[in-house]
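Visitor: I'm new to reading protein models. Could you walk me through a few features?

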Amino acid sequence: MLFASTGCSFTFGQGLYWDRILERYSKLRNWPYEWSKIRTMLTVEDLKYMKSFTYSYLLSKTLDCEYITNPGDGMWEYNLPPSNFESYKVIDVWIENQQKNTDVKLDFIILQLTAPERDKYSIEESVQRIIQLNINCEKNDIKLFVWSWRRELADKLDTKDFWIKLLYNDREYNSLEDWQATFEPHTGEYPPLYIYDEKFNEFGIDDRHPTKFTNQVVHDSILKKIKDIGIV
């Protein structure tokens with residue numbers, strides 16, 4: 001089995017290195033939070049640690065398989081945040097690769113949607129692009145699964161068979177934003193969805209990326225979906 005994943009920094013794993021950094025330094029002295037700056041301070045071991053808690057890596061361990069992932073750190077369009085447009089492009093390439101190279105057979109692709117205002121498409125254009133990507137994947141014997149940080153596209157697509165709803169405490173949420181909304185306003189009495197939730201008060205880390213806990217929930221939600229349709 002082989003799968004691929006693409007998305008923004010949420011898929012890349014940005015922020016999942018903080019626990020390792022905190023183990024090494026008793027106090028954080030002027031550590032930046034922006035990826036363009038902090039990437040120049042992270043060691044190879046920091047990055048390995050970060051990757052080991054991403055939902056993609058966790059899924060590969062559960063399924064005992066390898067995976068391919070788009071870096072999702074915005075470097076295809078230098079110094080710009082990664083967009084859904086970027087992910088659509090890389091899925092096109094993965095489909096083309098499958099058509100040309102039968103040695104690399106993808107069983108499924110996970111598309112994580114990011115903030116739609118980063119896109120070159122309108123919401124409706126993006127909806128149609130995703131539906132067409134699903135058709136193209138099906139034609140090439142690849143399953144497409146989609147989950148979202150934000151609600152805008154989730155609200156348009158969450159009834160589709162390819163949609164991954166996030167599952168927590170026997171409830172379903174169509175996006176991370178939808179899940180977050182059930183815990184507003186912030187009280188500190190709910191699971192730490194974002195790194196800010198668990199590390200700002202104690203360490204002053206103002207990082208708005210998903211925690212290890214959130215990556216585990218995404219993993220569990222995807223795993224249930226692929227089991228339900230019989231991939232494993």
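Visitor: Is Tyr25 buried, partly exposed or exposed, and what is its relative accessible area?

Guide: Keep in mind that this model is predicted. Burial goes by relative accessible area: under 20% is buried, over 50% is exposed, and partly exposed lies in between. Tyr25 has 35%, so Tyr25 is partly exposed. Trp31, at 12%, counts as buried.

Visitor: How do the rings of Tyr25 and Trp31 sit relative to each other?

Guide: For ring pairs, look at the angle between planes: under 30 degrees is stacked, over 60 is edge-to-face, and the rest is tilted. Here the planes are at 50° and the centres 5.7 Å apart, so the pair is tilted. Both rings belong to a cluster that ring pairs build, along with Tyr17, Trp18 and Tyr33.

Visitor: Which class does the pair of Tyr168 and Phe213 fall into?

Guide: That one is edge-to-face, with 85° between the planes and 5.7 Å centre to centre. Tyr168 lies in strand β5 and Phe213 in helix α11, 45 residues apart, so the pair links distant parts of the chain. Phe213 is partly exposed, at 29%.

Visitor: At what angle do helices α5 and α11 cross?

Guide: With helices, compare the directions of the axes. These two cross at roughly 45°, and their axes come within 8 Å. The helices are therefore oblique to each other, and the crossing is right-handed.

Visitor: What kinds of residues make up the contact of α5 with α11?

Guide: By class, 8 are nonpolar, 4 are polar and none are charged. Among them are Leu58 and Leu59 in α5, and Ile222 and Leu223 in α11.

Technical notes. Residues numbered from 1 in each chain as written. Predicted model: local features only at pLDDT ≥ 70, side-chain atom pairs only at ≥ 80, totals over all residues. Heavy atoms only, no water. Axes fitted to C-alpha atoms, helices over the stretch in contact; angles between N-to-C directions. Helix = DSSP H or I, 4+ residues; strand = E, 2+ residues; numbered from the N terminus. Parallel < 35°, antiparallel > 145°, perpendicular 65-115°, else oblique. Left-handed = near helix turned anticlockwise from the far one by under 90°. Contact = heavy atoms within 4.5 Å. Nonpolar A, V, L, I, M, F, W, Y, C, P; charged D, E, K, R; others polar. Phe/Tyr/Trp six-rings, centres within 6.5 Å; stacked < 30°, edge-to-face > 60°. Buried < 20%, exposed > 50% of the residue type's maximum accessible area, 1.4 Å probe, protein only.
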